[in-house]
Amino acid sequence: MRPKLYLISLGCSKNLVDSEVMLGKLAHYELTQECAQADVIIVNTCGFIASAKQESVQVLLEAIKARKEGALVVASGCLSQRYKEELQAELPEIDIFTGVGDYDRIDELIKAKQSAFSTGVFLAGAHNARTITGSKVHAYVKLSEGCNQQCSFCAIPSFKGRLQSKGIAQILEEVENLAKQGFSDISFIAQDSSSYLRDQGVKNGLIELIKAIDAQQILESARIFYLYPSTTTLELIDTIAHSPIFMNYFDMPIQHISNAMLKTMRRNSNTQAHLKLLEHMKSVPESFLRTTLLLGHPGESEEDIAILQEFLKGFSFDRINLFAFSPEENTRAYSMPALPENVVNQRLDTINACVQQQVQDSMQRLLHQPIEVIVEGLSEDGLFLKARDKRWGLEVDGEILINESELDNVQPGHYRAICHTYQEGVLVGKIIA
């Protein structure tokens, strides 16, 4: 009888790739959805902000409580790396601790019942077997690990280190391997994708990669997450716009639009530069714009919020993630005077009203016109097919429920559809080709 494995991946899609590498190394295990049935329980933790850290600790405690006699509990990932001494002291019930450098050794660590924290980070490549989860069509590919930016609020460089990019040839091989397995839609991810290859002295590395993927001609669609404003150029935007494979998907976390806040946040950019990039993205036909806003950073004034609110009245995004400032150790903002919690919450509510309206408007624009979609499979209730706009990222940008089709036996893949209804935040449509 095969031993059973329960793995939960917390946090971002970059964490998910590392979890999929661990699943690949442990392919001889039978996966179970029941923690209490597992012989090995792995929690791949997130240590980005306070809420993510709290969730990671809570899931670890639940795993300890639920495990059967003799089962191993493993804490891996960012939280484990960032607080390795504290966690090992406070949670002695956990059998194995490992950080961000040993995902490809997880089988060895489990066999030896040994903790390990290698220096440096692990960066999956074509030679690393992965068990892709969540889709038969879509997969993530990491461009790099670490970050050279010095944002005042972000602790990632303190435990992920400086930028380390994979080579273009290595990424092309990885994409080819995924395509051979049937994955035709790829999302490229990193902490700072637009700085790809700058650690190797290449200024336009992402442009070169896009052109190489286009020349490869084996994917049906792709998109890039996490463009950084100061390393995103008009040329990069145009390269994406002219690509036959990459979607006109522009995910650029601006964090704020007030000059004063951009300076305080150490974003190495300004309002004028932001607007120039955003307007250029907006001018691209069928563009899809996603961003992230951080509210309540120390030093943020009512005037800064008014500037942001006025900006959002005149410029629309398709999706916006809102975050409240979280004071993180080893960051410049950690020791700065914090704003009152009620003030931050009020600002979140104010800006969220703008955000929700923009998302609704974006969804409504897709009604009653043919669009390219990717069908992922059945919806959770099994009554519909679950799909997404071809431009959208998996799970993060929404879903389309297909309740009609002019085609028989629709399988996961690329189709054309018409959305006829938008209700309760979900589009409903029909496959036409």
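This is a predicted model: local features need pLDDT of at least 70, side-chain atom pairs count only at pLDDT 80 or more; totals for chains, interfaces and linings use all residues.
**Entry 1: strand β12**

I started with strand β12 (residues 288–295), which is mostly covered, with 8 of its 8 residues buried. Here buried means under 20% relative accessible area, exposed means over 50%, and partly exposed lies in between, with a 1.4 Å probe and protein chains only. Strands are DSSP runs of E with at least two residues, helices are runs of H or I with at least four, and both are numbered from the N terminus.

Residues are numbered from 1 along each chain as its sequence is written, and side-chain values use heavy atoms, with hydrogens and water left out.

I then checked the two faces of β12. Phe288, Arg290, Thr292 and Leu294 are buried on one side, and Leu289, Thr291, Leu293 and Leu295 are buried on the other.

Next I looked up the partners of β12; two strands pair if DSSP finds at least two bridges between them. Strand β11 (residues 249–251) pairs with β12 in the parallel sense over 3 bridges, and Tyr249 has Phe288 as its bridge partner there. Strand β13 (residues 319–324) is also a parallel partner of β12, over 6 bridges. In that pairing I found Leu294 opposite Phe323.

**Entry 2: the sheet of 5 strands**

I moved on to an open sheet of 5 strands, ordered β2-β1-β3-β4-β5 with parallel pairing. β2 (30–31) and β5 (96–97) are at its edges with a single partner strand each, so one side of each has no neighbour in the sheet. I followed β4 (residues 72–77) to β5 and found parallel pairing over 2 bridges, with Val74 opposite Ile96.

Helix α2 (residues 50–66) packs on this sheet and touches β1, β3 and β4. Its direction makes about 175 degrees with that of β3. For such angles, axes are lines fitted to C-alpha atoms, for helices over the stretch in contact, and the values run from 0 to 180 degrees between N-to-C directions. Contact means heavy atoms within 4.5 Å.

**Entry 3: helix α1**

How does α1 run relative to β1? Helix α1 (residues 13–25) lies across β1 (4–9), β2, β3 (40–45) and β4, at about 170 degrees to β1. I also found α1 lying across β6 and β9, at about 100 degrees to β6.

I checked the span of α1 as well: its 13 residues reach 19 Å from first C-alpha to last, close to the 18 Å expected at 1.5 Å a residue. The expected span is 1.5 Å times one less than the number of residues. Since 11 of the 13 residues of α1 are buried, the helix is largely enclosed by the rest of the structure. Among the buried residues I noted Val17, Val21, Met22 and Leu23, along with Lys14, Asp18 and Glu20.

**Entry 4: the sheet of 3 strands**

β6, β9 and β10 form an open sheet of 3 strands in the order β6-β9-β10, with parallel pairing. β6 (138–142) and β10 (221–224) stand at the edges with a single partner strand each, so one side of each lacks a neighbour in the sheet. I read an average twist of 20 degrees from one strand to the next. β6 runs parallel to strand β9 (residues 185–189), joined by 5 bridges, and Lys142 sits opposite Ile189.

**Entry 5**

Strand β14 (residues 370–378) pairs with strand β17 (residues 413–423) in the antiparallel sense over 6 bridges, where Pro370 has Ile418 as its bridge partner. β14 is antiparallel to β15 too, over 5 bridges, and Gly377 is partnered by Lys386. The hairpin of β14 and β15 has 6 residues between the strands, and Gly382 takes a positive phi near 75 degrees in it.

Is Ala387 buried or exposed? Ala387, in strand β15 (residues 385–389), counts as buried at 2% relative accessibility. Beyond its neighbours within four places in sequence, Ala387 is in contact with residues including Val373, Val375, Ile400 and Ile402.

**Entry 6: the whole chain**

Of its 433 residues, 55% count as buried. Residues 24 or more positions apart supply 73% of the contacts with a separation of 6 or more.
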